[in-house]
Amino acid sequence: MTAEYLVGYEQILTEAASTGRRLTRDELDSRRALGERAAEAGHGLRLLVSEHLAAALAVWPHFSAPTDRALAAVHQVIDAFAEGYERAQRLAVRQEEAARREFIDDLLHGRSDLGRLAERAERFGLRLSHAHAVAVAQGATSYEEGSGAPRHVEQALMTRFGNRNVLLTTKDGRLLCIAPGNEDEVLPYFAKQAHAATDGGQVAIGRSHPGPGGVVQSYEEALNALELAGRLGLDDPVLRAADLLVYPVLTRDRQAMADLVHDTLGPLTTARGGAGPLLGTLTAYFDSGCVAAEAARRLSLSVRALTYRLERIHHLTGADPTDPAHRYMLQTATIGARLLDWPAREG
């Protein structure tokens, strides 16, 4: 019942309209308090405003005051009531956002026992006994809860998928989307929307894993994919951790990779201008599928100039980039150099 939110309303209207006075502070505060209670009880503001108007019409014939006075009193009451209602809603939203951020932090950093964590997860639509995957989007600027980009992406997801146990939030200036592992369409769609909302930001999608630890593992895979993209200069708008598994394998034995880079590419440091230009030539050559014309275009060189550089690399290292027998070693060393930031960082 909503009649309790109209208590004292008729008396306030009658007195204010008959005298032409404005509502007192106590009267306004009482209306705000009722508005807050109505919001906390989950009543709709539209219905409550309609009931205020209906109640005013019911006592209108008994007003001896001019119409403008009566209308002014009704306006003040409804305005104060709506103010209290909206204030309660804003507080509820802030509390919900804080609870969601706390839950995400606890989930991703293991700061709560699994039983309690599972209970809290159900509040946000997650069943941690199932498999989940995580996508992480980052743009040129940080994104905070409630800002334009998260709202836009969340609305797009809700419009497309409705309630499919998807959790969207922000963390460390990035957008996060946690989705059930069997919902294959959700994260790619999130990636598309996030890429657009972040003005060309990059999105990484982790693999699906079961259990609470699976969410953490998928999240870390997505973060690692973004880090790898930064090191390797990958500009793909969407990165899938499953497609990048070779890189962690290559760096699992860091010392072995460092030795390969140093032994294979070390002689390039003796070239005029250092190893940088020749290393960049190898990167462009391998990234273009070992097609000299395409590599030359990427480097804004003539094919003849590119060929000269490849010959120079062969002369210095003893390995020929155009020879399939040498290509794998050189390409692996080139990838390792990018991962280890060689030669800027030796070791």
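Contact here means heavy atoms within 4.5 Å. The model is predicted, so local features need pLDDT of at least 70 and side-chain atom pairs count only at pLDDT 80 or more, while totals for chains, interfaces and linings use all residues. Residues are numbered from 1 along each chain as its sequence is written, and side-chain values use heavy atoms, with hydrogens and water left out. Helices are DSSP runs (H or I, at least four residues), numbered from the N terminus.

Start with a helix pair. In helix 6, Ala149, His152, Val153, Ala156, Leu157, Arg160 and Phe161 make the contact. Their partners in helix 7 are Val186, Tyr189, Phe190, Gln193, Ala194 and Ala197. By class, this contact has ten nonpolar, two polar and one charged residues. Nonpolar covers Ala, Val, Leu, Ile, Met, Phe, Trp, Tyr, Cys and Pro; charged covers Asp, Glu, Lys and Arg; the others, Gly among them, are polar.

Two packed helices are described by the angle between their axes and the distance between the axes. For helix 6 (residues 148-161) and helix 7 (residues 186-197), the axes come within 9 Å and cross at roughly 145 degrees. Each axis is a line fitted to C-alpha atoms, for helices over the stretch in contact, and the angle runs from 0 to 180 degrees between N-to-C directions. The crossing of helix 6 and helix 7 is right-handed. That term applies if the near helix is turned clockwise from the far one by less than a right angle, and left-handed if anticlockwise.

Next, helix 1 (residues 9-19). Its buried residues are Tyr9, Ile12, Leu13, Ala16 and Ala17. Buried means under 20% relative accessible area, exposed over 50%, and partly exposed in between (1.4 Å probe, protein chains only). The arc is that of the directions from the helix axis to the C-beta atoms. An α-helix has 3.6 residues a turn, so residues three or four places apart point the same way. The cover over the buried residues of helix 1 includes helix 2 (25-40), helix 3 (45-59) and helix 4 (67-109). Glycine 20 follows helix 1, with a positive phi near 80 degrees.

Now move to helix 13 (residues 303-317). Its 15 residues reach 21 Å from first C-alpha to last, close to the 21 Å expected at 1.5 Å a residue. The expected span is 1.5 Å times one less than the number of residues. Leu306, Leu310, Ile313 and Leu316 are the buried residues of helix 13. Down the axis they fall within an arc of 130 degrees, so they line one face of helix 13. Helix 11 (276-287) and helix 12 (292-299) are among the elements that cover them. The face turned away carries the exposed residues Arg304, Tyr308, Glu311 and His315. Tyrosine 308 counts as exposed because its relative accessibility is 56%. Its C-alpha atom is separated by 30 Å from that of tyrosine 247, 61 residues apart along the chain. Glycine 318 follows helix 13, and its phi is positive, near 80 degrees.

Finally, the backbone. Most residues other than glycine have a negative phi, and most peptide bonds are trans. Cysteine 290, in the loop between helix 11 and helix 12, has a positive phi near 60 degrees. At 21% relative accessibility, cysteine 290 is partly exposed. Serine 300, in the loop between helix 12 and helix 13, has a positive phi near 55 degrees. At 67%, serine 300 is exposed. A cis peptide bond joins tryptophan 342 and proline 343, with omega about 10 degrees. Proline 343 lies in the segment after helix 14 (324-340).

Key: Helix = DSSP H or I, 4+ residues; strand = E, 2+ residues; numbered from the N terminus.
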